[in-house]
Amino acid sequence: MSETIHVPVMPRELIDGLDIRKGDTVVDATLGGGGHALLALERLLPGGTLFACDQDGEAVDRFRVRLNRDASSADLIRDGRIVLIHTKFSNIGKAIRDRGVSRVSAVFADLGLSSDQLNDADRGFSFLREGPLDMRFDRSEGISAADIVNGWSERDLSRIFREYGEIRNACEIARAIVRQRTARRFETTMEFSDFIRSISGSWKSSIHPATTVFQALRMAVNRERESLETFLKDAIGILKTGGRIAVLSFHSGEERAVKRVFLEDARGCVCPKEFPVCRCGRKARLRLITKRACVPSEEEILRNPRARSAKLRIAERV
(Lines give C-alpha, C1' and ligand atoms only; values in the text may rest on other atoms or scores of the structure.)
Protein backbone atom coordinates (compact mmCIF):
# COMPACT_ATOMS: atom_id res chain seq x y z
CA MET A 1 0.00 0.00 0.00
CA SER A 2 1.40 3.39 -0.99
CA GLU A 3 2.36 6.11 1.47
CA THR A 4 0.00 9.01 2.01
CA ILE A 5 0.68 12.16 0.01
CA HIS A 6 -2.02 14.20 1.72
CA VAL A 7 -0.93 17.42 3.43
CA PRO A 8 -3.16 18.37 6.38
CA VAL A 9 -4.76 21.82 6.17
CA MET A 10 -4.39 24.34 9.02
CA PRO A 11 -2.97 21.60 11.30
CA ARG A 12 -1.69 23.76 14.14
CA GLU A 13 -4.72 26.04 14.13
CA LEU A 14 -7.02 23.04 14.41
CA ILE A 15 -5.08 21.15 17.09
CA ASP A 16 -4.30 24.27 19.14
CA GLY A 17 -7.96 25.29 18.96
CA LEU A 18 -9.09 21.95 20.37
CA ASP A 19 -6.90 22.49 23.47
CA ILE A 20 -6.05 18.79 23.70
CA ARG A 21 -4.41 17.72 26.97
CA LYS A 22 -2.59 14.58 28.11
CA GLY A 23 -5.08 11.84 28.94
CA ASP A 24 -7.84 13.18 26.71
CA THR A 25 -10.08 11.02 24.56
CA VAL A 26 -10.12 12.45 21.03
CA VAL A 27 -12.03 11.50 17.89
CA ASP A 28 -10.75 12.12 14.37
CA ALA A 29 -13.94 11.55 12.37
CA THR A 30 -12.28 11.83 8.95
CA LEU A 31 -8.82 10.30 9.23
CA GLY A 32 -7.68 10.77 5.62
CA GLY A 33 -3.87 10.86 5.49
CA GLY A 34 -3.63 10.95 9.28
CA GLY A 35 -1.77 14.26 9.60
CA HIS A 36 -4.20 15.82 12.06
CA ALA A 37 -4.47 12.54 13.97
CA LEU A 38 -0.71 12.33 14.53
CA LEU A 39 -0.62 15.87 15.89
CA ALA A 40 -3.50 15.04 18.24
CA LEU A 41 -1.58 11.99 19.46
CA GLU A 42 1.36 14.19 20.42
CA ARG A 43 -0.92 16.17 22.72
CA LEU A 44 -3.00 13.38 24.33
CA LEU A 45 -0.21 10.91 25.16
CA PRO A 46 0.57 9.47 27.60
CA GLY A 47 -2.71 8.22 28.96
CA GLY A 48 -5.08 9.43 26.26
CA THR A 49 -7.02 7.63 23.56
CA LEU A 50 -7.44 8.41 19.87
CA PHE A 51 -10.35 7.11 17.83
CA ALA A 52 -9.27 7.36 14.19
CA CYS A 53 -12.26 6.93 11.88
CA ASP A 54 -12.86 7.10 8.15
CA GLN A 55 -15.50 5.99 5.67
CA ASP A 56 -12.67 5.07 3.31
CA GLY A 57 -11.35 1.71 4.45
CA GLU A 58 -8.19 2.22 2.42
CA ALA A 59 -7.35 5.32 4.48
CA VAL A 60 -7.77 3.33 7.71
CA ASP A 61 -5.59 0.49 6.41
CA ARG A 62 -2.92 2.92 5.20
CA PHE A 63 -2.76 4.56 8.64
CA ARG A 64 -2.58 1.16 10.36
CA VAL A 65 0.38 0.14 8.19
CA ARG A 66 2.06 3.46 8.91
CA LEU A 67 1.67 3.02 12.68
CA ASN A 68 2.75 -0.63 12.69
CA ARG A 69 6.14 0.33 11.26
CA ASP A 70 6.97 1.85 14.64
CA ALA A 71 7.01 -0.51 17.60
CA SER A 72 5.73 2.05 20.11
CA SER A 73 2.86 3.07 17.82
CA ALA A 74 1.97 -0.57 17.21
CA ASP A 75 1.83 -1.05 20.99
CA LEU A 76 -0.65 1.82 21.22
CA ILE A 77 -2.97 -0.02 18.84
CA ARG A 78 -2.66 -3.26 20.82
CA ASP A 79 -3.26 -1.41 24.10
CA GLY A 80 -6.38 0.32 22.76
CA ARG A 81 -4.86 3.80 22.90
CA ILE A 82 -5.35 4.11 19.16
CA VAL A 83 -8.64 2.68 17.94
CA LEU A 84 -9.03 2.46 14.16
CA ILE A 85 -12.62 2.43 12.91
CA HIS A 86 -13.93 2.03 9.37
CA THR A 87 -17.18 3.97 9.55
CA LYS A 88 -19.05 6.91 8.07
CA PHE A 89 -18.57 10.13 10.01
CA SER A 90 -22.35 10.37 10.24
CA ASN A 91 -22.20 7.18 12.35
CA ILE A 92 -19.60 8.54 14.75
CA GLY A 93 -21.81 8.70 17.84
CA LYS A 94 -22.84 5.05 17.63
CA ALA A 95 -19.34 3.91 16.70
CA ILE A 96 -17.87 5.51 19.83
CA ARG A 97 -20.65 4.39 22.18
CA ASP A 98 -20.40 0.82 20.86
CA ARG A 99 -16.84 0.83 22.17
CA GLY A 100 -17.92 1.71 25.67
CA VAL A 101 -17.23 5.46 25.56
CA SER A 102 -20.04 7.93 26.25
CA ARG A 103 -18.15 11.22 26.42
CA VAL A 104 -15.02 12.51 24.69
CA SER A 105 -12.73 15.51 25.07
CA ALA A 106 -12.58 16.56 21.41
CA VAL A 107 -13.97 15.70 18.00
CA PHE A 108 -12.71 17.04 14.69
CA ALA A 109 -13.49 16.55 11.02
CA ASP A 110 -11.82 17.63 7.79
CA LEU A 111 -14.55 17.68 5.14
CA GLY A 112 -12.15 18.05 2.23
CA LEU A 113 -11.22 15.38 -0.31
CA SER A 114 -7.95 13.63 0.52
CA SER A 115 -5.09 13.99 -1.95
CA ASP A 116 -4.68 10.22 -1.70
CA GLN A 117 -8.19 9.78 -3.09
CA LEU A 118 -7.85 12.53 -5.68
CA ASN A 119 -4.56 11.20 -7.06
CA ASP A 120 -5.76 7.59 -7.30
CA ALA A 121 -7.22 7.31 -10.81
CA ASP A 122 -9.12 4.14 -9.89
CA ARG A 123 -11.23 6.08 -7.39
CA GLY A 124 -12.66 8.33 -10.10
CA PHE A 125 -12.51 11.63 -8.19
CA SER A 126 -10.27 13.54 -10.61
CA PHE A 127 -11.30 14.92 -13.97
CA LEU A 128 -7.60 15.03 -14.95
CA ARG A 129 -6.95 11.29 -14.65
CA GLU A 130 -8.54 8.49 -16.62
CA GLY A 131 -10.47 6.10 -14.43
CA PRO A 132 -13.91 4.70 -13.69
CA LEU A 133 -16.58 7.30 -12.91
CA ASP A 134 -16.93 6.13 -9.30
CA MET A 135 -16.30 8.72 -6.53
CA ARG A 136 -17.45 6.54 -3.61
CA PHE A 137 -15.55 7.06 -0.37
CA ASP A 138 -16.45 3.47 0.52
CA ARG A 139 -16.25 1.30 -2.57
CA SER A 140 -17.98 -1.59 -0.82
CA GLU A 141 -21.39 0.08 -0.88
CA GLY A 142 -23.62 2.71 -2.42
CA ILE A 143 -24.09 4.10 -5.92
CA SER A 144 -21.35 5.46 -8.13
CA ALA A 145 -21.13 8.74 -10.03
CA ALA A 146 -21.75 6.76 -13.23
CA ASP A 147 -25.03 5.50 -11.77
CA ILE A 148 -26.11 9.08 -11.13
CA VAL A 149 -24.96 10.53 -14.43
CA ASN A 150 -26.52 7.74 -16.48
CA GLY A 151 -29.63 7.09 -14.41
CA TRP A 152 -30.92 10.16 -12.62
CA SER A 153 -33.54 12.42 -14.14
CA GLU A 154 -32.73 15.77 -15.68
CA ARG A 155 -34.50 17.44 -12.77
CA ASP A 156 -32.45 15.62 -10.12
CA LEU A 157 -29.17 16.23 -11.95
CA SER A 158 -30.01 19.92 -12.21
CA ARG A 159 -30.80 20.03 -8.49
CA ILE A 160 -27.49 18.56 -7.31
CA PHE A 161 -25.48 20.73 -9.73
CA ARG A 162 -27.27 23.80 -8.43
CA GLU A 163 -27.25 22.91 -4.70
CA TYR A 164 -23.89 21.18 -4.36
CA GLY A 165 -21.91 22.80 -7.16
CA GLU A 166 -23.65 26.20 -7.08
CA ILE A 167 -23.63 26.09 -10.89
CA ARG A 168 -25.68 28.83 -12.53
CA ASN A 169 -26.40 26.92 -15.73
CA ALA A 170 -27.22 23.67 -13.93
CA CYS A 171 -30.35 23.06 -16.01
CA GLU A 172 -28.49 23.36 -19.30
CA ILE A 173 -25.74 20.98 -18.17
CA ALA A 174 -28.26 18.42 -16.91
CA ARG A 175 -30.22 18.62 -20.17
CA ALA A 176 -27.07 18.10 -22.25
CA ILE A 177 -26.03 15.08 -20.17
CA VAL A 178 -29.42 13.40 -20.54
CA ARG A 179 -29.40 14.02 -24.28
CA GLN A 180 -25.86 12.62 -24.69
CA ARG A 181 -26.35 9.50 -22.57
CA THR A 182 -29.20 8.25 -24.78
CA ALA A 183 -26.57 7.61 -27.43
CA ARG A 184 -23.80 6.39 -25.15
CA ARG A 185 -23.32 5.85 -21.42
CA PHE A 186 -20.70 7.82 -19.54
CA GLU A 187 -18.22 5.36 -18.02
CA THR A 188 -14.91 7.14 -17.37
CA THR A 189 -13.76 10.36 -15.77
CA MET A 190 -11.98 11.74 -18.81
CA GLU A 191 -14.88 10.91 -21.11
CA PHE A 192 -17.26 12.78 -18.85
CA SER A 193 -14.97 15.74 -18.12
CA ASP A 194 -14.22 16.15 -21.84
CA PHE A 195 -17.94 16.28 -22.51
CA ILE A 196 -18.48 18.93 -19.82
CA ARG A 197 -15.69 20.99 -21.33
CA SER A 198 -17.17 20.58 -24.82
CA ILE A 199 -20.51 22.08 -23.74
CA SER A 200 -18.91 24.89 -21.74
CA GLY A 201 -18.27 27.11 -24.75
CA SER A 202 -15.33 29.48 -24.54
CA TRP A 203 -13.43 28.43 -21.42
CA LYS A 204 -12.02 31.58 -19.85
CA SER A 205 -12.34 30.69 -16.18
CA SER A 206 -9.26 29.99 -14.06
CA ILE A 207 -10.73 26.61 -13.08
CA HIS A 208 -11.60 23.64 -15.27
CA PRO A 209 -15.32 23.69 -16.21
CA ALA A 210 -15.73 20.16 -14.79
CA THR A 211 -14.50 21.17 -11.32
CA THR A 212 -17.84 22.07 -9.79
CA VAL A 213 -19.71 19.33 -11.68
CA PHE A 214 -17.37 16.68 -10.23
CA GLN A 215 -17.69 18.27 -6.79
CA ALA A 216 -21.48 18.11 -6.96
CA LEU A 217 -21.44 14.49 -8.09
CA ARG A 218 -19.04 13.47 -5.31
CA MET A 219 -21.24 15.12 -2.69
CA ALA A 220 -24.33 13.40 -4.08
CA VAL A 221 -22.66 9.98 -4.31
CA ASN A 222 -21.54 10.11 -0.67
CA ARG A 223 -24.56 12.01 0.67
CA GLU A 224 -22.15 14.49 2.21
CA ARG A 225 -24.63 17.24 3.04
CA GLU A 226 -27.03 14.90 4.84
CA SER A 227 -24.15 13.14 6.60
CA LEU A 228 -22.78 16.45 7.86
CA GLU A 229 -26.01 17.36 9.64
CA THR A 230 -26.08 13.98 11.40
CA PHE A 231 -22.39 14.17 12.27
CA LEU A 232 -22.66 17.60 13.88
CA LYS A 233 -25.59 16.50 16.04
CA ASP A 234 -23.85 13.29 17.14
CA ALA A 235 -20.44 14.87 17.68
CA ILE A 236 -21.82 17.64 19.90
CA GLY A 237 -23.84 15.00 21.76
CA ILE A 238 -20.81 12.94 22.78
CA LEU A 239 -18.70 15.90 23.92
CA LYS A 240 -18.13 16.22 27.65
CA THR A 241 -18.54 19.62 29.29
CA GLY A 242 -15.55 21.68 28.18
CA GLY A 243 -14.94 19.38 25.23
CA ARG A 244 -14.43 20.95 21.82
CA ILE A 245 -15.45 20.30 18.23
CA ALA A 246 -13.56 21.56 15.17
CA VAL A 247 -14.70 21.34 11.56
CA LEU A 248 -12.69 22.17 8.44
CA SER A 249 -14.95 22.85 5.45
CA PHE A 250 -14.07 23.61 1.84
CA HIS A 251 -17.49 24.19 0.30
CA SER A 252 -19.64 27.24 0.99
CA GLY A 253 -22.76 25.13 1.56
CA GLU A 254 -21.01 22.97 4.14
CA GLU A 255 -19.48 26.00 5.82
CA ARG A 256 -22.92 27.60 6.14
CA ALA A 257 -24.30 24.39 7.64
CA VAL A 258 -21.55 24.25 10.28
CA LYS A 259 -22.01 27.92 11.09
CA ARG A 260 -25.79 27.53 11.43
CA VAL A 261 -25.58 24.52 13.76
CA PHE A 262 -22.90 26.15 15.93
CA LEU A 263 -24.88 29.39 16.21
CA GLU A 264 -28.12 27.59 17.03
CA ASP A 265 -26.49 25.50 19.75
CA ALA A 266 -24.71 28.55 21.16
CA ARG A 267 -28.04 30.35 21.58
CA GLY A 268 -29.74 30.31 24.97
CA CYS A 269 -33.08 31.84 25.84
CA VAL A 270 -35.34 32.63 22.86
CA CYS A 271 -38.12 34.34 24.81
CA PRO A 272 -39.37 37.73 23.57
CA LYS A 273 -37.48 40.67 25.05
CA GLU A 274 -40.59 41.88 26.88
CA PHE A 275 -40.68 38.76 29.07
CA PRO A 276 -39.30 39.69 32.52
CA VAL A 277 -38.02 36.14 33.10
CA CYS A 278 -37.18 33.23 30.81
CA ARG A 279 -40.09 30.91 30.11
CA CYS A 280 -38.62 28.79 27.31
CA GLY A 281 -35.93 27.17 29.47
CA ARG A 282 -33.59 26.89 26.53
CA LYS A 283 -29.93 26.56 27.47
CA ALA A 284 -26.95 27.02 25.18
CA ARG A 285 -25.04 23.79 24.44
CA LEU A 286 -22.03 25.45 22.86
CA ARG A 287 -19.68 28.38 23.30
CA LEU A 288 -18.12 29.66 20.10
CA ILE A 289 -14.32 29.56 20.19
CA THR A 290 -14.05 31.04 16.70
CA LYS A 291 -16.47 33.95 16.31
CA ARG A 292 -15.64 33.97 12.62
CA ALA A 293 -14.28 31.15 10.51
CA CYS A 294 -10.48 30.94 10.50
CA VAL A 295 -8.77 30.77 7.12
CA PRO A 296 -5.29 29.56 6.11
CA SER A 297 -2.41 31.97 5.90
CA GLU A 298 -1.04 33.14 2.57
CA GLU A 299 2.12 31.17 3.28
CA GLU A 300 0.14 27.94 3.71
CA ILE A 301 -1.82 28.53 0.51
CA LEU A 302 1.45 29.00 -1.38
CA ARG A 303 2.75 25.70 0.05
CA ASN A 304 -0.55 23.87 -0.40
CA PRO A 305 -2.92 25.47 -2.93
CA ARG A 306 -5.68 23.01 -2.00
CA ALA A 307 -5.99 24.85 1.31
CA ARG A 308 -7.19 28.07 -0.33
CA SER A 309 -10.93 27.51 0.28
CA ALA A 310 -10.62 26.08 3.79
CA LYS A 311 -12.69 27.47 6.67
CA LEU A 312 -12.19 26.35 10.27
CA ARG A 313 -14.81 26.66 13.01
CA ILE A 314 -14.38 25.56 16.63
CA ALA A 315 -16.88 25.43 19.50
CA GLU A 316 -16.90 24.20 23.10
CA ARG A 317 -19.57 22.20 24.94
CA VAL A 318 -20.99 24.01 27.98
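1. Charges come first. In this predicted model, the mean positions of the 54 positive and 45 negative charges of the protein chain lie 6 Å apart. Lys and Arg count as positive, Asp and Glu as negative; His and the chain ends are not counted. Each charge is placed at NZ of Lys, CZ of Arg, CG of Asp or CD of Glu.

2. On reading the values: local features need pLDDT of at least 70, side-chain atom pairs need pLDDT 80 or more, and totals for chains, interfaces and linings use all residues. Residues are numbered from 1 along each chain, and side-chain values use heavy atoms, without hydrogens and water.

3. Next, burial. Of the 318 residues of the protein chain, 51% count as buried (under 20% relative accessible area with a 1.4 Å probe, protein chains only).

4. Now the aromatic rings. The structure holds 6 aromatic pairs (ring centres of Phe, Tyr or the six-membered ring of Trp within 6.5 Å; planes under 30 degrees apart are stacked, over 60 edge-to-face, the rest tilted). Phe89 and Phe231 are stacked, because their centres are 5.0 Å apart and their planes meet at 25 degrees. Phe89 sits in the loop between strand S3 (82-86) and helix H5 (92-97), and Phe231 in helix H12 (residues 224-238), so the pair ties together parts 142 residues apart in sequence. Helices are DSSP runs of H or I with at least four residues; strands are runs of E with at least two, and both are numbered from the N terminus. Phe89 is buried at 11% relative accessibility. Phe231 is buried at 0%.

5. A second pair is edge-to-face: Phe127 and Phe214, 5.6 Å centre to centre, with 80 degrees between the planes. Both Phe127 and Phe214 are buried.

Notes
Buried < 20%, exposed > 50% of the residue type's maximum accessible area, 1.4 Å probe, protein only.
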